[in-house]
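Open the model in your viewer and follow the stops below. Each one says what to select and what is there.

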Amino acid sequence: MANAKPDFDAVVVGAGFAGMYMLYRLRERGLSVRVFETGTDVGGTWYWNRYPGARVDTETMFYSYQFSEELQQEWEWKERYPAQAELSAYARHVADRFELRPDIQFETRVDSTVWDEDAGLWRVETGDGASTMARYCIMATGCLSAVNTPEFDGLNDFAGETYHTAHWPDEGVDFTGKRVAVIGTGSSGVQSIPVIAEQAASLHVFQRTANYVIPSHNRAMEADEVAEIKANYPELRARAKKSFSGNYFPVAGPSALAVSKEERDREYEARWAQGGLAFMAAYADFQTSDEANETASAFIRNKIRGIVDDSEVAELLAPKQLFLCKRLCVGAGYYEAYNRDSVALIDISETTIERITPEGVCVDGRVYEVDALVLATGFDAVTGALKRIDIQGVGAITLRDKWEDGPRAYLGLGIAGFPNLFTITGPGSPSVLTNMIPSIEQHVDWIADCIDHMRSHDKSRIEAEAEAEEAWVEHVNEVGDLSLRATCQSWYFGSNIPGKPRVVLPYSGGFPVYVRKCDEVAANGYSGFALS
Ligand code: NA7
């Protein structure tokens, strides 16, 4: 059986940005590959998240592939923060340009993947009843793809329409004249609320936690700026890779406390005016000093008070938790939306949603009657998509059982007990704390090189060693505990999903440190992995 012939050298699960690039790389190295994708087209996150206002919040000339110089030169980004449609068009262009589609089977969900030790292959079972044998199984299932629909009592009895931001109807939704409720004020809520507010007759926003929202100042890209970036792409990309988040955000100084209030406020004003996530890099000690952190929080709270007319609403919108505890949001007209008479903010920080009735949302005994309910309630982040597939490794141990108390993986790439299975941007890798596309490219390149190494050294089985995995998990937790983020509730720690163990999901030691570690492991013949 050891020489059993697989149907494909590799199965890749998911045809988002990770799955597409994995397919490209493996095919280039001569492997036969089958990609399974649930959706009807490529794009992953940018296929599913079609809610009104959905946009990338990382400047897209850097949130894009860099593996192909031709691709990055020829593609014309229209906006600084493109909307979902433009990102989805880019994904489709990549699929066409590199002729990826023939190897992708769409509308096919992977239900289970089971390691056959005798054959040394994975048996991948799909929703169409088929079973596919492959030497390698690569999970490109995304960090924010397993939708979180809270189990509100009565949700199914709601008489109106219910939507989740990440499962938006393709044809869009017309809210004109409708009374709408949005539950959730993370990035998806923050982006959709101002757009829905423009249409709806009334909008009730149910807020459990107020978030920090920096304006995007989105605009069209200008020809000369595009030309300059394109002319200097290699240098700019290299610089970004050296930064903590894989984004090039200049840091103004090591500490917010080392400068005067005036100087600090000038810096914050400049970053507010510039817009976007670069605000979070103003000073290097936001994650280590409460006092430094408070300077940024106070600045943003004051901005909110300056924008929102009703002082009570402004106070509710002013975040109470530390800056950067949760993912920083980037919005367009978010706080301004609350100045509309048709928009009401309902604080559910203490009195949670009691139930959904056929008429609407019930909080503290009062029913807010609505025609449409929008759940902007996020995702079972990082581990959710993996745990929703029945993954069985050596001795039929399931990943769900192994990860019952939290994920354990080596570098977020390999898992002890699960040979020849790789995860792209898995738990314990920097993933969601970084610019995702460069992180994806780094993982894919590492995996492709690893498989190449195995083939050239006549190896057919690779498995993370338990000790190496334990040591890495311990390191991830130690580093995770160093940041102030560890003192808060957020999806980075699984706190948004009832019953999910509280474990830090991404590695917070920074992109460059992580890449160095991956490179060392490879240079040492894949130390910490057993090859046979
Ligand atoms: P997020 O950031 O997880 O936001 C989800 C929001 O939904 C957040 O405000 C939650 O409040 C709220 N939520 C979740 N469950 C409930 C329940 N049961 N009741 C009330 N409110 C609830 O997801 P997004 O889709 O907005 O963004 C995900 C990422 O995509 C984002 O960070 C970017 O990286 C892109 P909470 O904060 O948990 O109190």
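Start at the domain interface. Domain 1 and domain 2 bury about 3,400 Å² between them, and carbon and sulfur atoms give 55% of that area. Buried area here is the accessible area (1.4 Å probe) that two parts lose on being put together, summed over both. Select D57, R80 and L484. These residues supply 21% of the area that domain 1 buries against domain 2, more than any other three residues.

A word on the source: this is a predicted model, in which local features need pLDDT of at least 70, side-chain atom pairs count only at pLDDT 80 or more, and totals for chains, interfaces and linings use all residues. Residues are numbered from 1 along each chain as its sequence is written, and side-chain values use heavy atoms, with hydrogens and water left out.

Now colour by domain. Domain 1 covers 8-147 + 380-531, and domain 2 covers 155-224 + 240-375; the bounds come from an automatic or database domain assignment. Their C-alpha centres lie 28 Å apart. The contact (heavy atoms within 4.5 Å) takes 37 residues from domain 1 and 42 residues from domain 2.

Which charged pairs cross over? The rule finds two salt bridges across this interface. A salt bridge is a side-chain nitrogen of Lys or Arg within 4 Å of a carboxyl oxygen of Asp or Glu. The structure as a whole holds 29 salt bridges.

Select E79 and R55. Their side chains meet in a salt bridge, 3.3 Å from N to O. E79 sits in the loop between α3 (69-74) and α4 (84-97), and R55 in the loop between α2 (45-48) and α3, 24 residues apart. Helices (H or I, at least four residues) and strands (E, at least two) are DSSP runs, numbered from the N terminus.

Next, show D170 and R50. This salt bridge spans 2.3 Å, N to O.

Finish with the sulfurs. A search of the whole structure finds one disulfide, defined as a pair of cysteine sulfur atoms within 2.5 Å. Select C325 and C488: the disulfide joins them, S to S 1.5 Å. C325 lies in the loop between α10 (311-317) and β11 (329-331) and C488 in the loop between α15 (466-482) and α16 (511-523), so the pair ties together parts 163 residues apart in sequence.
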